[in-house]
Amino acid sequence: MSLLTVGTVAFDTIETPYGKAERVVGGACTYISWAASYFTDKINLVSIVGDDFPQEEIKALHQRGVNTDGLEIVEGKKSFFWAGKYHDNMNQRDTITTDLNVLADFDPQLPNSYKESEFLMLGNLTPEIQLQVLNQMKTRPKLVVMDTMNFWMDIALDALHKVISRVDVITINDEEARQLSGEHALVTAAEKIHQMGPKIVIIKKGEHGALLFNEGRIFSAPALPLARVFDPTGAGDTFAGGFIGFLAGQDDLSFDNLKRAIIYGSTMASFCVEEFSIEKLKNLTEQEIHNRAEKFIEISRVSL
């Protein structure tokens with residue numbers, strides 16, 4: 001099944017307790033596309049970069065089956081840039097720099113070949129841009145997934161609610177779920193978010209796993225304990241890419257397959273954090289992914 005991904009393609013400078021990486025490739029759409037590419041080879045990317053973005057990185061995406069006809073390259077302008085520093089516990093970070101650059105004028109226009117994509121992943125962008133993409137689709141996708149963050153809840157809540165009312169799945173972290181719903185208990189928070197529109201709510205809890213809520217059913221996925229986390233940047237986007245990529249590859253939206261997709265999304269995120277930027281995602285094998293997914297299942301398996 002064809003998958004349309006919308007989000008940022010960018011540069012990051014990242015500092016963690018394990019080192020510093022200067023101007024490495026990042027962006028939500030980048031992580032989503034790389035993760036999804038291990039499960040489906042019909043990916044349509046929509047984003048914007050300046051002419052400073054490396055052509056070899058675009059070629060690498062092509063080789064993974066990613067169509068970049070929707071990647072706008074603006075001559076004489078710079079790509080979106082973010083710099084951040086993580087604290088020792090890696091759960092908190094400080095933003096040092098955010099340079100919107102070409103993203104400030106992002107006006108996504110979908111190529112005609114994209115407008116009937118069967119799966120749609122709306123990466124973390126302004127709700128207005130997410131709506132703009134939704135409005136350009138010729139047919140409603142089989143599944144629409146969105147990611148968002150508390151920043152948009154603070155400054156664009158009305159527009160955000162409009163997007164939420166039109167999607168099937170929302171992926172947010174536990175803090176964002178509480179802010180969006182006004183509820184502290186995550187079960188109650190998920191119920192409130194269901195009422196806003198999405199039939200599937202995924203609440204990410206970082207090193208504590210993820211929760212899937214769908215029509216009264218709940219699935220709790222574990223997180224895989226890792227010896228070292230080098231760089232958490234993009235882990236949530238990688239999770240989303242693995243999740244929707246797996247579903248697009250399977251074309252099966254049953255609850256059991258949603259659970260499998262959560263496991264594979266978590267698996268891809270666990271690889272992502274082991275190296276800076278997208279480096280780990282570039283060199284995986286299907287066997288490595290399968291073996292690690294089995295580890296996720298094994299750590300939560302029990303006989304009664």
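**Helix packing and the sheet**

Reply: Helix H6 passes helix H7 in a left-handed crossing, that is, with the near helix turned anticlockwise from the far one by less than a right angle (clockwise would be right-handed). Helices (H or I, at least four residues) and strands (E, at least two) are DSSP runs numbered from the N terminus. The model is predicted, with local features needing pLDDT of at least 70 and side-chain atom pairs pLDDT 80 or more, while totals for chains, interfaces and linings use all residues. Residues are numbered from 1 along each chain as its sequence is written, and side-chain values use heavy atoms, without hydrogens and water.

Me: At roughly what angle do the axes of H6 and H7 cross?
Reply: Axes are lines fitted to C-alpha atoms, for helices over the stretch in contact, and angles run from 0 to 180 degrees between N-to-C directions. H6 and H7 are oblique to each other, a class left after roughly parallel (under 35 degrees), roughly antiparallel (over 145) and roughly perpendicular (65 to 115). The axes of H6 (residues 174-181) and H7 (residues 186-195) come within 9 Å and cross at roughly 55 degrees.

Me: Which residues of H8 make the contact with H1?
Reply: The axes of H1 (residues 28-36) and H8 (residues 235-250) come within 7 Å, crossing at roughly 40 degrees. That angle makes H1 oblique to H8, and the crossing is right-handed. With contact meaning heavy atoms within 4.5 Å, H1 contributes Ala28, Tyr31, Ile32, Ala35 and Ala36, and H8 contributes Asp237, Thr238, Gly241, Gly242 and Gly245.

Me: How many residues of H1 are buried?
Reply: Buried means under 20% relative accessible area, exposed over 50%, and partly exposed in between (1.4 Å probe, protein chains only). The buried residues of H1 include Cys29, Thr30, Ser33 and Trp34. H1 is largely enclosed by the rest of the structure, because the buried residues number 9 of the 9.

Me: Which strands stand at the edges of the open sheet?
Reply: The open sheet has 4 strands in the order E3-E2-E6-E7, with mixed pairing; two strands pair if DSSP finds at least two bridges between them. Each edge strand has a single partner, so one side of each is left without a neighbour in the sheet; these strands are E3 (19-26) and E7 (93-99).

Me: Which residue in E3 does Asp12 stand opposite?
Reply: Strand E2 (residues 10-16) and E3 pair in the antiparallel sense over 6 bridges. In E3, the residue opposite Asp12 is Val24.
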